[in-house]
Amino acid sequence: MQYRISPLWPPVFFRKGVLPLMFALSYLPFLPACNIINPPEIVPAYIKVDTITLTGNPSTQGFLTHNFGDVWAVLDNEISIAAYELPTVFPVFANGETTITLSPGIRRNGFSNAREAYPMMSFFEVQRNLQPLDTVFLSPSVRYLDDVVFALLENFETGNNFTVSTGSTGSFAITSEPDQIFEGNRSGLISLEGSSQAIELRSTTMVLPDQGGRPVYLELDYRCNLPFDIVVRSTPTGSALPLNSYVVTVAPRADWNKIYIYLTEQLGLQVGALYQVSIQAQGSDSPAQGEILIDNLKILYR
(Lines give C-alpha, C1' and ligand atoms only; values in the text may rest on other atoms or scores of the structure.)
Protein backbone atom coordinates (compact mmCIF):
# COMPACT_ATOMS: atom_id res chain seq x y z
CA MET A 1 0.00 0.00 0.00
CA GLN A 2 1.39 3.41 -1.01
CA TYR A 3 0.59 6.83 0.45
CA ARG A 4 0.96 10.11 -1.53
CA ILE A 5 1.84 13.36 0.32
CA SER A 6 1.60 16.86 -1.20
CA PRO A 7 5.02 18.38 -2.07
CA LEU A 8 3.95 21.56 -0.20
CA TRP A 9 3.86 19.65 3.08
CA PRO A 10 5.81 19.45 5.26
CA PRO A 11 7.66 22.81 4.97
CA VAL A 12 11.28 22.91 3.85
CA PHE A 13 12.77 23.14 7.32
CA PHE A 14 10.79 20.02 8.29
CA ARG A 15 12.16 18.14 5.25
CA LYS A 16 15.70 19.14 6.20
CA GLY A 17 15.44 17.18 9.41
CA VAL A 18 14.55 19.91 11.88
CA LEU A 19 11.36 18.05 12.82
CA PRO A 20 12.01 16.04 16.01
CA LEU A 21 11.60 12.31 15.64
CA MET A 22 8.85 11.96 18.21
CA PHE A 23 6.88 14.76 16.54
CA ALA A 24 7.10 12.94 13.22
CA LEU A 25 5.96 9.68 14.79
CA SER A 26 2.87 11.40 16.11
CA TYR A 27 1.47 11.33 12.56
CA LEU A 28 1.48 7.51 12.39
CA PRO A 29 -1.83 6.87 14.22
CA PHE A 30 -3.61 8.90 11.51
CA LEU A 31 -2.32 6.72 8.67
CA PRO A 32 -4.50 3.82 7.49
CA ALA A 33 -3.47 0.32 8.59
CA CYS A 34 -1.30 -1.68 6.19
CA ASN A 35 -1.68 -5.36 5.34
CA ILE A 36 2.02 -5.85 6.11
CA ILE A 37 1.34 -4.89 9.72
CA ASN A 38 -1.96 -6.78 9.98
CA PRO A 39 -1.93 -9.64 7.45
CA PRO A 40 -5.27 -11.28 6.63
CA GLU A 41 -6.13 -14.14 8.95
CA ILE A 42 -6.13 -17.59 7.32
CA VAL A 43 -9.23 -19.59 8.19
CA PRO A 44 -8.66 -23.39 8.25
CA ALA A 45 -10.80 -26.29 7.22
CA TYR A 46 -10.92 -29.34 9.49
CA ILE A 47 -10.47 -33.09 9.01
CA LYS A 48 -12.14 -35.55 11.35
CA VAL A 49 -10.89 -39.14 11.71
CA ASP A 50 -12.29 -41.55 14.31
CA THR A 51 -10.64 -44.88 13.44
CA ILE A 52 -8.56 -46.59 10.77
CA THR A 53 -9.67 -49.93 9.30
CA LEU A 54 -7.27 -52.74 8.33
CA THR A 55 -8.28 -54.93 5.39
CA GLY A 56 -6.59 -57.99 3.94
CA ASN A 57 -6.55 -61.78 3.67
CA PRO A 58 -6.54 -63.56 7.06
CA SER A 59 -5.48 -66.87 5.49
CA THR A 60 -2.16 -65.41 4.30
CA GLN A 61 -1.75 -62.42 6.64
CA GLY A 62 -3.17 -63.67 9.94
CA PHE A 63 -6.07 -62.17 11.84
CA LEU A 64 -6.45 -58.50 10.95
CA THR A 65 -6.09 -57.03 14.42
CA HIS A 66 -4.41 -53.67 14.85
CA ASN A 67 -3.67 -50.91 17.32
CA PHE A 68 -3.46 -47.79 15.17
CA GLY A 69 -3.49 -45.09 17.81
CA ASP A 70 -2.43 -42.17 15.59
CA VAL A 71 -2.97 -40.82 12.11
CA TRP A 72 -0.20 -39.10 10.13
CA ALA A 73 -1.35 -36.52 7.58
CA VAL A 74 0.20 -35.04 4.43
CA LEU A 75 -1.36 -32.48 2.06
CA ASP A 76 -0.77 -32.47 -1.71
CA ASN A 77 2.01 -35.07 -1.31
CA GLU A 78 4.43 -32.52 0.11
CA ILE A 79 3.12 -30.70 3.18
CA SER A 80 3.50 -32.86 6.27
CA ILE A 81 1.09 -31.69 8.95
CA ALA A 82 1.65 -33.84 12.04
CA ALA A 83 0.58 -36.99 13.84
CA TYR A 84 -2.69 -36.87 15.76
CA GLU A 85 -3.98 -39.28 18.38
CA LEU A 86 -7.23 -40.97 17.37
CA PRO A 87 -10.04 -39.99 17.42
CA THR A 88 -9.15 -36.52 16.22
CA VAL A 89 -10.27 -33.34 14.52
CA PHE A 90 -7.37 -31.29 13.19
CA PRO A 91 -7.07 -28.04 11.17
CA VAL A 92 -5.63 -27.80 7.66
CA PHE A 93 -4.68 -24.46 6.16
CA ALA A 94 -5.59 -25.22 2.57
CA ASN A 95 -8.46 -24.15 0.33
CA GLY A 96 -9.85 -25.72 -2.83
CA GLU A 97 -9.11 -29.11 -4.32
CA THR A 98 -6.57 -30.80 -2.03
CA THR A 99 -4.99 -34.27 -1.94
CA ILE A 100 -5.14 -35.65 1.61
CA THR A 101 -2.87 -38.58 2.48
CA LEU A 102 -3.32 -40.40 5.79
CA SER A 103 -1.06 -43.12 7.25
CA PRO A 104 -1.70 -45.32 10.31
CA GLY A 105 0.49 -44.62 13.32
CA ILE A 106 1.84 -46.99 15.96
CA ARG A 107 3.90 -46.75 19.13
CA ARG A 108 7.16 -48.60 18.54
CA ASN A 109 7.75 -51.17 21.32
CA GLY A 110 4.69 -49.76 23.06
CA PHE A 111 6.39 -46.48 24.02
CA SER A 112 4.26 -43.34 23.81
CA ASN A 113 7.33 -41.24 22.97
CA ALA A 114 8.23 -43.46 19.99
CA ARG A 115 5.36 -42.83 17.59
CA GLU A 116 5.77 -43.52 13.89
CA ALA A 117 3.83 -44.17 10.72
CA TYR A 118 3.81 -47.97 10.46
CA PRO A 119 6.07 -48.80 7.49
CA MET A 120 4.32 -52.12 6.78
CA MET A 121 1.06 -50.42 5.79
CA SER A 122 -0.28 -48.65 2.74
CA PHE A 123 -1.58 -45.11 3.05
CA PHE A 124 -5.07 -43.77 2.41
CA GLU A 125 -5.35 -41.02 -0.20
CA VAL A 126 -8.37 -38.96 -1.20
CA GLN A 127 -9.12 -35.61 -2.85
CA ARG A 128 -11.48 -33.13 -1.24
CA ASN A 129 -12.55 -29.57 -1.98
CA LEU A 130 -11.62 -27.85 1.28
CA GLN A 131 -13.46 -24.69 2.28
CA PRO A 132 -12.85 -22.49 5.34
CA LEU A 133 -14.49 -23.79 8.52
CA ASP A 134 -15.79 -26.95 6.78
CA THR A 135 -15.26 -30.27 8.55
CA VAL A 136 -14.41 -33.22 6.30
CA PHE A 137 -15.15 -36.68 7.75
CA LEU A 138 -12.75 -39.42 6.59
CA SER A 139 -12.76 -43.16 7.32
CA PRO A 140 -9.34 -44.42 6.19
CA SER A 141 -8.85 -48.04 5.17
CA VAL A 142 -5.33 -49.48 4.82
CA ARG A 143 -3.70 -52.84 4.04
CA TYR A 144 -0.33 -54.55 4.29
CA LEU A 145 1.96 -53.45 1.46
CA ASP A 146 2.44 -55.93 -1.38
CA ASP A 147 6.16 -56.40 -0.64
CA VAL A 148 5.64 -57.37 3.02
CA VAL A 149 6.92 -60.87 3.82
CA PHE A 150 5.39 -62.83 6.71
CA ALA A 151 8.19 -64.93 8.18
CA LEU A 152 5.95 -66.24 10.97
CA LEU A 153 2.18 -66.36 11.48
CA GLU A 154 0.79 -67.99 14.61
CA ASN A 155 -2.74 -67.71 15.94
CA PHE A 156 -2.80 -71.19 17.57
CA GLU A 157 -5.93 -72.19 15.66
CA THR A 158 -4.48 -75.21 13.84
CA GLY A 159 -0.93 -75.58 15.15
CA ASN A 160 1.87 -74.14 17.24
CA ASN A 161 5.21 -72.69 16.15
CA PHE A 162 6.55 -72.37 19.71
CA THR A 163 8.30 -74.77 22.06
CA VAL A 164 9.29 -74.55 25.72
CA SER A 165 13.07 -74.49 26.18
CA THR A 166 14.90 -77.05 28.32
CA GLY A 167 15.19 -75.95 31.93
CA SER A 168 11.93 -74.01 32.00
CA THR A 169 9.79 -74.71 35.07
CA GLY A 170 6.66 -72.92 33.92
CA SER A 171 4.17 -74.39 31.44
CA PHE A 172 2.73 -73.48 28.07
CA ALA A 173 -0.54 -74.74 26.60
CA ILE A 174 -3.10 -73.92 23.93
CA THR A 175 -6.29 -72.77 25.65
CA SER A 176 -9.83 -72.78 24.31
CA GLU A 177 -11.43 -71.33 27.44
CA PRO A 178 -13.80 -68.57 26.31
CA ASP A 179 -12.55 -66.06 28.87
CA GLN A 180 -8.94 -66.61 27.74
CA ILE A 181 -9.44 -66.30 23.97
CA PHE A 182 -8.79 -63.08 22.14
CA GLU A 183 -9.98 -64.01 18.66
CA GLY A 184 -10.92 -67.25 16.94
CA ASN A 185 -11.12 -70.41 19.05
CA ARG A 186 -7.70 -70.66 20.73
CA SER A 187 -4.90 -68.64 22.30
CA GLY A 188 -1.53 -69.50 23.84
CA LEU A 189 -1.28 -69.59 27.65
CA ILE A 190 1.91 -69.35 29.72
CA SER A 191 1.42 -70.32 33.38
CA LEU A 192 3.84 -69.59 36.23
CA GLU A 193 3.23 -70.55 39.86
CA GLY A 194 5.21 -68.51 42.36
CA SER A 195 8.58 -66.79 42.09
CA SER A 196 10.49 -70.08 41.76
CA GLN A 197 9.17 -70.73 38.25
CA ALA A 198 10.47 -69.30 34.99
CA ILE A 199 9.94 -70.05 31.32
CA GLU A 200 11.40 -69.43 27.89
CA LEU A 201 9.16 -69.93 24.88
CA ARG A 202 10.99 -70.13 21.53
CA SER A 203 9.64 -69.79 18.02
CA THR A 204 10.70 -71.94 15.11
CA THR A 205 13.83 -70.74 13.28
CA MET A 206 13.51 -68.17 10.51
CA VAL A 207 15.60 -66.48 7.87
CA LEU A 208 15.31 -62.71 8.38
CA PRO A 209 16.97 -59.82 6.51
CA ASP A 210 20.03 -58.77 8.51
CA GLN A 211 21.64 -56.30 6.09
CA GLY A 212 20.66 -52.80 5.06
CA GLY A 213 18.46 -51.97 8.05
CA ARG A 214 15.27 -53.24 6.45
CA PRO A 215 12.29 -52.91 8.84
CA VAL A 216 11.44 -56.10 10.75
CA TYR A 217 8.61 -56.16 13.29
CA LEU A 218 6.90 -58.54 15.67
CA GLU A 219 3.17 -57.97 16.05
CA LEU A 220 1.63 -59.52 19.15
CA ASP A 221 -1.74 -59.51 20.90
CA TYR A 222 -1.39 -60.23 24.61
CA ARG A 223 -2.94 -60.04 28.07
CA CYS A 224 -0.91 -60.71 31.22
CA ASN A 225 -0.56 -60.13 34.96
CA LEU A 226 3.24 -60.48 34.82
CA PRO A 227 5.85 -58.67 32.72
CA PHE A 228 7.67 -60.65 30.05
CA ASP A 229 10.73 -60.06 27.86
CA ILE A 230 11.10 -60.29 24.11
CA VAL A 231 14.52 -61.60 23.04
CA VAL A 232 15.96 -62.32 19.58
CA ARG A 233 18.10 -65.48 19.34
CA SER A 234 20.56 -65.65 16.44
CA THR A 235 22.45 -68.86 15.70
CA PRO A 236 25.08 -68.95 12.92
CA THR A 237 24.74 -71.84 10.51
CA GLY A 238 26.62 -74.86 11.86
CA SER A 239 27.03 -73.34 15.32
CA ALA A 240 25.41 -74.41 18.58
CA LEU A 241 26.18 -71.11 20.32
CA PRO A 242 23.28 -68.68 19.92
CA LEU A 243 23.46 -65.01 20.72
CA ASN A 244 20.57 -63.69 22.82
CA SER A 245 19.71 -60.03 22.17
CA TYR A 246 17.22 -58.40 24.54
CA VAL A 247 14.60 -56.21 22.83
CA VAL A 248 11.98 -54.98 25.29
CA THR A 249 10.05 -55.80 28.47
CA VAL A 250 6.28 -55.86 28.01
CA ALA A 251 4.35 -54.56 31.01
CA PRO A 252 1.27 -56.30 32.51
CA ARG A 253 -2.09 -55.47 30.93
CA ALA A 254 -5.46 -56.42 32.38
CA ASP A 255 -7.11 -56.15 28.94
CA TRP A 256 -5.98 -57.46 25.59
CA ASN A 257 -3.52 -55.16 23.87
CA LYS A 258 -1.56 -55.18 20.62
CA ILE A 259 2.12 -54.21 20.52
CA TYR A 260 4.47 -53.59 17.59
CA ILE A 261 8.05 -54.60 18.46
CA TYR A 262 10.95 -53.40 16.32
CA LEU A 263 13.48 -56.18 15.72
CA THR A 264 15.81 -54.67 13.12
CA GLU A 265 18.49 -53.57 15.58
CA GLN A 266 18.91 -57.13 16.90
CA LEU A 267 19.60 -58.62 13.45
CA GLY A 268 22.92 -58.96 11.67
CA LEU A 269 25.01 -59.32 14.84
CA GLN A 270 26.21 -62.72 13.61
CA VAL A 271 26.94 -63.57 9.98
CA GLY A 272 24.66 -66.09 8.28
CA ALA A 273 22.43 -66.62 11.30
CA LEU A 274 19.04 -68.23 11.68
CA TYR A 275 16.69 -66.40 14.01
CA GLN A 276 14.18 -67.20 16.70
CA VAL A 277 11.99 -64.95 18.81
CA SER A 278 11.99 -65.87 22.49
CA ILE A 279 9.39 -64.95 25.13
CA GLN A 280 10.89 -65.10 28.63
CA ALA A 281 9.14 -64.61 31.96
CA GLN A 282 9.81 -65.03 35.67
CA GLY A 283 7.10 -66.00 38.15
CA SER A 284 6.15 -63.89 41.15
CA ASP A 285 4.71 -64.34 44.63
CA SER A 286 2.30 -61.51 43.93
CA PRO A 287 0.42 -62.60 41.95
CA ALA A 288 1.25 -66.18 42.81
CA GLN A 289 -0.57 -67.51 39.75
CA GLY A 290 1.02 -65.80 36.78
CA GLU A 291 -0.68 -65.88 33.39
CA ILE A 292 0.50 -64.59 30.02
CA LEU A 293 -1.96 -64.99 27.16
CA ILE A 294 -0.65 -64.49 23.61
CA ASP A 295 -2.27 -64.55 20.18
CA ASN A 296 -1.82 -63.43 16.57
CA LEU A 297 1.99 -63.39 16.52
CA LYS A 298 3.38 -62.08 13.26
CA ILE A 299 7.01 -61.56 12.27
CA LEU A 300 7.11 -59.53 9.10
CA TYR A 301 9.56 -57.51 7.07
CA ARG A 302 10.01 -55.59 3.83
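Me: What makes two strands pair here?
Reply: Two strands pair if DSSP finds at least two bridges between them. Strands are DSSP runs of E with at least two residues, helices are runs of H or I with at least four residues, and both are numbered from the N terminus. The model is predicted, so local features need pLDDT of at least 70 and side-chain atom pairs count only at pLDDT 80 or more, while totals for chains, interfaces and linings use all residues. Residues are numbered from 1 along each chain as its sequence is written, and side-chain values use heavy atoms, with hydrogens and water left out.

Me: How many helices and strands are there in the protein chain?
Reply: The protein chain has three helices and 21 strands.

Me: In what order do the five strands of the open sheet come?
Reply: The order is 12-15-20-17-18, with antiparallel pairing. Strand 12 (162-164) and strand 18 (243-250) are the edge strands, each pairing on one side only.

Me: And how many bridges join strand 17 to strand 20?
Reply: Eight bridges link strand 17 (residues 228-236) with strand 20 (residues 273-282), and the two run antiparallel. Ser 234 is opposite Tyr 275 in strand 20.

Me: New topic: where does Asp 134 lie?
Reply: Asp 134 is in the loop between strand 8 (124-130) and strand 9 (135-138). Its relative accessibility is 37%, so Asp 134 counts as partly exposed (buried means under 20% relative accessible area, exposed over 50%, partly exposed in between, with a 1.4 Å probe and protein chains only).

Me: Which residues is Asp 134 in contact with, leaving aside neighbours within four places in sequence?
Reply: Asp 134 is in contact with Ala 45 and Tyr 46, where contact means heavy atoms within 4.5 Å.
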